[in-house]
Amino acid sequence: MWRRPLRPPAPEAGAATLAGVFSRRTDWNAQPNRLSLARARHPDALDLTVSNPTKAALPYPLDELSAIMARAAHAAYDPEPLGLPVAREAVARMLGCDAAEIVITASTSEAYSFLFKLLCDPGDNVLTPTPSYPLLEHLAAMEMIELRHFPLEFHRRWEIELSRIEIDERTRAVIVVNPNNPTGSFVTPDEQRTIAGLGVPVISDEVFLDYPLEGAGTTFSGAYALGGLSKSAGLPHYKLGWIRVPDASAVAALELIADNFLSVATAVQVALPEILAVAPRIRAAIAARTRANLDAAKRIVGGAAQLLPVEGGWSAVIRIPETMTDEEFALDALERHDVVIHPGYFFDFEREGYFVVSLLTPCEVFIDGLSRIVAP
């Protein structure tokens, strides 16, 4: 657990350093805070923040996946900047679109990087909602662009506060996460129409769209829509994502960008049709886990704590009285109850009084850990 990165401290007098030769992209120094230090003292704590499906005790068809990749390993290297036709066609069939709209990437992070290169010059800005996953701040900094925020507000559900989306002459895109991580809120059709009318490109991160819980969502039509095997097939280590691109001229420009990297492995592209055929079984196992844990949370959370609605995704947000800071609450959970949770500040909640747990956690760990800290 880390606070937001800080600028590196000045070196001691006479100390040798190469920091002065590095670009501002590397000007981060994630210093340990009290939570990270406490976590080191509790190596066997119940971890309610598990987000890697391959480490969540889920059933995987490992022999079948191994056979698929073994067959694909025979393919010769034939680089295609936008992705091999077999991979683009497989994604297009799944999404119900034309293969010409699909760009294959090595990850959703790379997809963001490509789109920031496509849409932005250094010093431009993109807008994104908060709360949200903090990775976007790093990706924007790597492209020397500014990440600006607009709030989600809770009114029986998490809603985009459209009146607080402020666009200026250097705004190049609006990012939405559909459904949001960690709030689980989908971008409604009305919100989609309003955002599309702002006159700037929209990037819609839809990696959790296949995981509805208490709600349902739709893809953001006309947006640069992002997806990947990490969530849709529970295979983050296979390193393949995609962008559904809304216009042909953008595809041509992305081809130029991607041609300088050619980062997606041939084998996983060749194997993609078979992987996507297996993926529904993996998704079903993940969905069963998240639904079971959400049902358990509804039974467990009580007293002064409130489980907020979870329309989709893999996380749950729990609101608590502001009797201490979120960091202090997370420390108390760890030190007194031996339970790891995410404090709300990790996701830039506007105020104190929130923590986040992963619904991907093995059920017995989830029930035990949550009962320790919020049962009435």
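Okay, let's start with Arg-156, which counts as exposed because its relative accessibility is 79%. For the cut-offs, buried means under 20% relative accessible area, exposed means over 50%, and partly exposed is in between, with a 1.4 Å probe and protein chains only. The areas themselves come from the Shrake-Rupley method with a 1.4 Å probe, and for residues only the protein chains shown count as cover.

Before I go on, some housekeeping. This is a predicted model, so to speak of a local feature we need pLDDT of at least 70, and side-chain atom pairs count only at pLDDT 80 or more, while totals for chains, interfaces and linings use all residues. Residues are numbered from 1 along each chain as its sequence is written, and side-chain values use heavy atoms, with hydrogens and water left out.

Back to Arg-156. Where does Arg-156 lie? In the loop between β4 (146-154) and β5. Helices (H or I, at least four residues) and strands (E, at least two) are DSSP runs, numbered from the N terminus. You'll find Ala-57 in the loop between β1 (46-47) and α2, and with a relative accessible area of 62% it is exposed.

As background, most residues other than glycine have a negative phi, and most peptide bonds are trans. Which brings me to the prolines. The peptide bond joining Asn-178 and Pro-179 is cis, with omega about 5°. There's another cis bond from Asn-181 to Pro-182, where omega is near 25°. Pro-179 is in the loop between β6 and α6, and Pro-182 is found in the loop between β6 and α6 as well.

Let's stay with Asn-178 for a moment. Asn-178 is in that loop, between β6 (171-177) and α6 (189-196). Buried or exposed, what is Asn-178? Buried, because its relative accessibility is 0%. And its side chain has polar contacts, meaning pairs of N or O atoms within 3.5 Å; within protein, one must be able to donate a hydrogen and the other to accept it, and residues adjacent in sequence count only if both atoms are side-chain atoms. The Asn-178 side chain reaches the backbone nitrogen of Val-187 at 2.9 Å. It also reaches the backbone oxygen of Thr-218, at 2.9 Å.

Now for charges. Side chains of opposite charge can pair when their charged atoms come close. I'm calling something a salt bridge when a side-chain nitrogen of Lys or Arg is within 4 Å of a carboxyl oxygen of Asp or Glu. How many salt bridges does the structure hold? It holds 18.

Let me show you a few. Asp-124 and Arg-170 meet in a salt bridge at 2.8 Å, N to O. That pair links distant parts of the chain, 46 residues apart: Asp-124 is in the loop between α4 (108-119) and β3 (125-130), and Arg-170 is in the loop between β5 (158-160) and β6. Arg-172 also meets Asp-124, at 3.3 Å, N to O. Here the two partners are 48 residues apart, with Arg-172 in strand β6. Put together, Asp-124, Arg-170 and Arg-172 form a linked network of salt bridges.

On accessibility, Asp-124 is buried, at 2% relative accessible area. Arg-170 is partly exposed at 34%, and Arg-172 is partly exposed at 28%.

Another bridge to look at is Glu-64 with Arg-281, at 2.9 Å, N to O. It spans 217 residues, from Glu-64 in helix α2 (residues 62-72) to Arg-281 in helix α9 (residues 266-300). Glu-64 counts as partly exposed at 34%, and Arg-281 counts as partly exposed at 46%.

Last stop, the surface. Which residues gather in a patch of negative charge? Asp-78, Glu-80, Glu-255 and Asp-259. Patches are made of residues with over 30% relative accessible area and no salt bridge; like charges are joined within 9 Å, and nonpolar side chains (Val, Leu, Ile, Met, Phe, Trp, Tyr) within 5 Å. Lys and Arg count as positive, Asp and Glu as negative, and His and the chain ends are not counted. The charge is placed at NZ of Lys, CZ of Arg, CG of Asp or CD of Glu. Glu-255 is in helix α8 (residues 248-259) and counts as partly exposed at 35% relative accessibility.
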